[in-house]
Amino acid sequence: MSETFDLVVRNADVATATDRYRADLGIRDGRIAAIGAVLPAGLREIDAAGRLVTPGGVDAHCHLDQPTSDGSRMADDFVTGTRSAACGGTTTIIPFACQFKGQSLRAAVEDYHRRADGKAAIDYAFHLIVSDPSEQVLRHELPALVNEGYSSFKLYMTYDDMKLNDRQVLDLLAVARREGALTMIHAENADCIAWLTDQLVEAGLTAPRFHAASRPMLVEREATHRAIALAELVDVPVLIVHVSGREAVEQIRAGQGMGLKIYAETCPQYLLLSAENLEGEGFEGAKCVCSPPPRDKANQDVIWRSLENGTFQIVSSDHAPFTFDGPNGKRNAGEDAPFPKIPNGIPGLETRLPLLMTHGVIDGRIDIHRFVALTSTNPARLYGLFPGKGTIAIGSDADIVIWEQGLNRTVRNVDLHHAVDYTPYEGLALKAWPALTLSRGEVVWQDGVYLGQAGRGRFLKAARPAPATTRGRGHRSPLWKVD
Ligand code: DUC
Ligand code: ZN
Ligand code: ZN
């Protein structure tokens with residue numbers, strides 16, 4: 001075996017979730033083979049020239065080519081979605097294989113593999129979405145799939161085509177406990193939302209901004225409280241996804257304070273957008289319709305503080321790519337369409353890391369180690385992909401970002417690589433962007449040019465991520481920050 005490196009990244013200012021050091025990185029066969037002060041020559045060399053170098057991002061919550069039941073259609077498939085991710089420094093994604101009611105879970109997984117096969121340019125694992133926890137699913141399909149590398153699943157407490165009642169949630173949590181899977185929960189109270197929506201529509205209050213009024217903080221607080229209580233009853237860890245504001249944060253902190261393993265994720269939209277963005281001219285507000293909706297400035301501040309103080313383990317994009325114009329997009333039902341007809345979700349795969357680097361690290365709200373933990377190391381750990389993904393260490397995949405800092409730019413949709421015709425972050429400041437992204441040692445993005453190839457991305461089987469119980473003696477969290 002030759003000892004020559006395929007690639008050496010020289011003079012890197014490496015930041016991981018825990019460490020910061022100046023080093024050369026030697027890469028062989030797609031993995032980091034050596035880290036040293038001065039490494040021998042490689043077949044190829046990249047001089048990082050003292051630039052900040054971080055692990056590639058792991059976006060643990062994004063939706064690509066996910067079938068929907070309302071006729072809307074996602075603009076990004078695995079070709080455009082992974083291209084966009086790579087250009088923004090993300091090297092691993094975990095989208096969702098979604099079960100429709102009445103469908104077999106395995107059929108949903110097989111269908112989703114067909115959508116990804118030959119298309120992804122970076123590596124990917126799958127979460128499951130369970131919307132029909134039948135006996136067959138609970139007893140056979142889900143345990144078998146967890147064993148085969150699909151070790152996390154999402155359940156919904158809202159949306160007519162997805163929502164589960166408390167008994168169904170308990171049944172699924174019990175399977176998660178037995179099988180060592182991690183449950184992600186979309187926590188909003190379905191009946192409250194349906195009732196409020198009816199009131200608003202009857203009163204003729206149907207513009208996009210009333211989307212936020214139909215799902216106030218209270219409905220998220222109540223469902224978050226209930227989700228945590230159900231997890232406590234079953235004695236199993238859960239992860240509350242896309243947390244939007246103070247009242248839900250307080251529930252999560254209360255659970256964590258009781259010693260429960262309650263993990264939590266937030267997204268750039270809850271840090272950088274507010275309900276005011278839903279009030280844009282005419283139908284513009286539809287560009288920011290997502291659930292839960294962005295809240296107000298005070299809630300944004302709480303979310304920022306909760307990144308810093310460790311309440312949150314993960315920042316994901318929740319990329320849910322619907323175009324504004326065009327068939328199946330947000331404006332498909334017309335400018336007068338009532339808000340319940342607007343597809344829920346916004347794009348954000350490509351902007352997640354640069355926005356958090358700019359508004360979090362460079363603006364002094366979080367340090368670089370927290371940034372790496374939230375965007376790469378923690379999602380890799382919690383979803384069973386560590387240490388192959390999520391860090392810069394000998395033996396890990398050479399998924400690496402070299403940063404260009406000191407920029408004075410703004411987000412512009414024309415510069416992005418997704419298939420969506422807008423970004424909700426248009427005009428926000430950008431002080432950093434990846435100069436180069438390596439995926440398993442291959443350059444997929446360099447100096448503004450996409451160099452990836454559809455089909456080179458590999459499916460990753462996820463190990464069982466979670467401790468089986470939430471506070472049993474001797475159980476350790478997989479997270480270094482939470483224990
Ligand atoms: N929930 C998600 O997780 N993503 C998009 C919309 C939603 O409600
Ligand atoms: Zn959700
Ligand atoms: Zn989502």
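How far does a polar side-chain atom of H242 lie from an oxygen atom of ligand 1? I found a distance of 3.2 Å, taking a polar contact as a pair of N or O atoms within 3.5 Å, where within protein one must be able to donate a hydrogen and the other to accept it, and residues adjacent in sequence count only if both atoms are side-chain atoms.

I keep in mind that this is a predicted model, in which local features need pLDDT of at least 70, side-chain atom pairs count only at pLDDT 80 or more, and totals for chains, interfaces and linings use all residues. Residues are numbered from 1 along each chain as its sequence is written, chains are lettered from A and ligands numbered from 1 in the order in which they are written, and side-chain values use heavy atoms, with hydrogens and water left out.

For donors I took N, O and S atoms within 2.8 Å of the metal (3.2 Å for Na, K and Ca), and as water is not among the atoms, sites may look incomplete. I find the zinc ion (ligand 2) coordinated by K154 (NZ), H186 (ND1) and H242 (NE2), at 2.1 to 2.2 Å. K154 lies in strand 11 and H242 in the loop between strand 13 and helix 8, so the pair ties together parts that are 88 residues apart in sequence; helices (H or I, at least four residues) and strands (E, at least two) are DSSP runs, numbered from the N terminus.

The zinc ion (ligand 3) has H61 (NE2), H63 (NE2) and D318 (OD) as protein donors, at 1.9 to 2.0 Å. I read the spacing of these donor residues in sequence as H-x1-H-x254-D, and the zinc ion (ligand 3) and the zinc ion (ligand 2) are 4.2 Å apart.

**Backbone.** Most residues other than glycine have a negative phi, and most peptide bonds are trans. The peptide bond from S291 to P292 is cis, with omega near -10°, and P292 is in the loop between helix 9 and helix 10.
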